[in-house]
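Work through the exercises below with the sequence and the structure at hand. Try each task before reading its solution.

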Amino acid sequence: MMLCYWLSAPIIAQNGHDSFPIAWIGEWTGELVIFSSTGEQQRTQMNLNIQPIDTSDHYTWEIIYGEGADQRPYELITIDAQKGHYQVDEKNS
């Protein structure tokens, strides 16, 4: 069975304060709905925490599913902000 996860958000690199990832810094909470080809399979709480790391172009990108039992402490790394290129380090080698 193939599951489809959907996160929809515009990621547009711009100059100024309202650009990604600066405008996304914070703690985001919502409901994740998981679908397969046969329809809805599951709903769960999901949190996304994005915070700057020191003075670098790196950010935390922590995803928490459910009541915190499944935490994913990733790191967002800026490759080329002008082109909108970013890399997510999953911290798994």
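Two residues are in contact when they have heavy atoms within 4.5 Å. This is a predicted model, in which local features need pLDDT of at least 70 and side-chain atom pairs count only at pLDDT 80 or more, while totals for chains, interfaces and linings use all residues. Residues are numbered from 1 along each chain as its sequence is written, and side-chain values use heavy atoms, with hydrogens and water left out.

**Exercise 1. Confidence**

Task: Find where confidence is lowest and where it is highest in the protein.

Solution. 
Step 1. The pLDDT is the predictor's confidence in each residue, from 0 to 100. Its mean for the protein is 83, and 81% of the residues reach 70 or more.
Step 2. Strand S1 (residues 3-4) has the lowest confidence, with a mean of 47, and S4 has the highest, at 95.
Step 3. The pLDDT is below 50 over residues 1-16, a stretch that has 24 contacts in the model beyond near neighbours in sequence. Where pLDDT is low, the predicted coordinates should not be read in detail.

**Exercise 2. Elements and surface**

Task: State how many helices and strands the protein has, and what percentage of its residues are buried.

Solution. 
Step 1. Helices (H or I, at least four residues) and strands (E, at least two) are DSSP runs, numbered from the N terminus. The protein has six strands and zero helices, which gives the pattern β-β-β-β-β-β along the sequence.
Step 2. A residue is buried under 20% relative accessible area, exposed over 50%, and partly exposed in between (1.4 Å probe, protein chains only). Of the 93 residues in the protein, 27% are buried.
Step 3. Accessible areas come from the Shrake-Rupley method with a 1.4 Å probe; for residues, only the protein chains shown count as cover. The protein exposes about 6,900 Å², and carbon and sulfur atoms supply 50% of this area.

**Exercise 3. Glu-75 and its partners**

Task: Describe which side chains meet that of Glu-75 in a salt bridge and in a polar contact.

Solution. 
Step 1. Glu-75 lies in strand S5 and is buried, with a relative accessible area of 14%.
Step 2. A salt bridge is a side-chain nitrogen of Lys or Arg within 4 Å of a carboxyl oxygen of Asp or Glu. Glu-75 forms one with Lys-91 (2.6 Å, N to O). Because Glu-75 is in strand S5 (residues 70-80) and Lys-91 in the segment after strand S6 (85-89), the pair ties together parts 16 residues apart in sequence.
Step 3. A polar contact is a pair of N or O atoms within 3.5 Å; within protein, one must be able to donate a hydrogen and the other to accept it, and residues adjacent in sequence count only if both atoms are side-chain atoms. The side chains of Glu-75 and His-58 make such a contact at 2.5 Å.
Step 4. Leaving aside neighbours within four places in sequence, Glu-75 is in contact with residues including Ile-53, Tyr-59, Val-88 and Lys-91.

**Exercise 4. Backbone angles**

Task: Locate the cis peptide bond and give the phi of Lys-91.

Solution. 
Step 1. Most residues other than glycine have a negative phi, and most peptide bonds are trans.
Step 2. The cis bond joins Phe-20 and Pro-21, with omega about 0 degrees. Pro-21 is in the loop between S1 and S2.
Step 3. Lys-91 is not a glycine, yet has a positive phi of about 60 degrees.
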